[in-house]
Amino acid sequence: MSNRAKVAVGGVAVGVILLWLLPFWMAVLVIVGVPAGAYLLLDPSQRRRLRRVSRKELGR
């Protein structure tokens, strides 16, 4: 299994666990808020590079 697949499976597992343990809206807030917070922590140059790169190239 590739690293991308492992990350995807882990993300789905964490999402399901959060939906089971927390109220629905709190779980959705965590699932959406963590990637949004990570994006906001990037430097402006890193954000430009991330927007410029296609999704296929992100895992390289």
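Of the 60 residues in the protein chain, 5% count as buried (under 20% relative accessible area, with exposed over 50% and partly exposed in between, using a 1.4 Å probe and protein chains only). The model is predicted, so to speak plainly: local features need pLDDT of at least 70, side-chain atom pairs count only at pLDDT 80 or more, and totals for chains, interfaces and linings use all residues. Residues are numbered from 1 along each chain as its sequence is written, and side-chain values use heavy atoms, leaving out hydrogens and water.

**Exercise 1.** Work out which pattern the protein chain follows along the sequence.

*Solution.* Helices here are DSSP runs of H or I with at least four residues, strands are runs of E with at least two, and numbering starts at the N terminus. Now read along the sequence, and you get α-α-α.

**Exercise 2.** Find the residues that form the nonpolar patch, and the helix that gives its largest share.

*Solution.* Nonpolar side chains (Val, Leu, Ile, Met, Phe, Trp, Tyr) are joined within 5 Å, like charges within 9 Å. That picks out Leu 19, Phe 24, Trp 25, Ile 31 and Val 32, with about 560 Å² of accessible area together (Shrake-Rupley method, 1.4 Å probe). Helix α2 (residues 24-40) supplies the largest share, four residues. Val 32 sits in helix α2 and is exposed, at 53% relative accessible area.

**Exercise 3.** Describe how the rings of Phe 24 and Trp 25 are arranged.

*Solution.* The whole structure holds one aromatic pair (ring centres of Phe, Tyr or Trp, its six-membered ring, within 6.5 Å; planes under 30 degrees apart are stacked, over 60 edge-to-face, the rest tilted). Phe 24 and Trp 25 make that pair, with 5.0 Å centre to centre and 75 degrees between the planes, so they are edge-to-face. Phe 24 is partly exposed at 49%, while Trp 25 is exposed at 68%.

Notes:
Patch = residues over 30% accessible without salt bridge, like charges linked within 9 Å, V, L, I, M, F, W, Y side chains within 5 Å. Salt bridge = Lys/Arg side-chain N within 4 Å of Asp/Glu carboxyl O.
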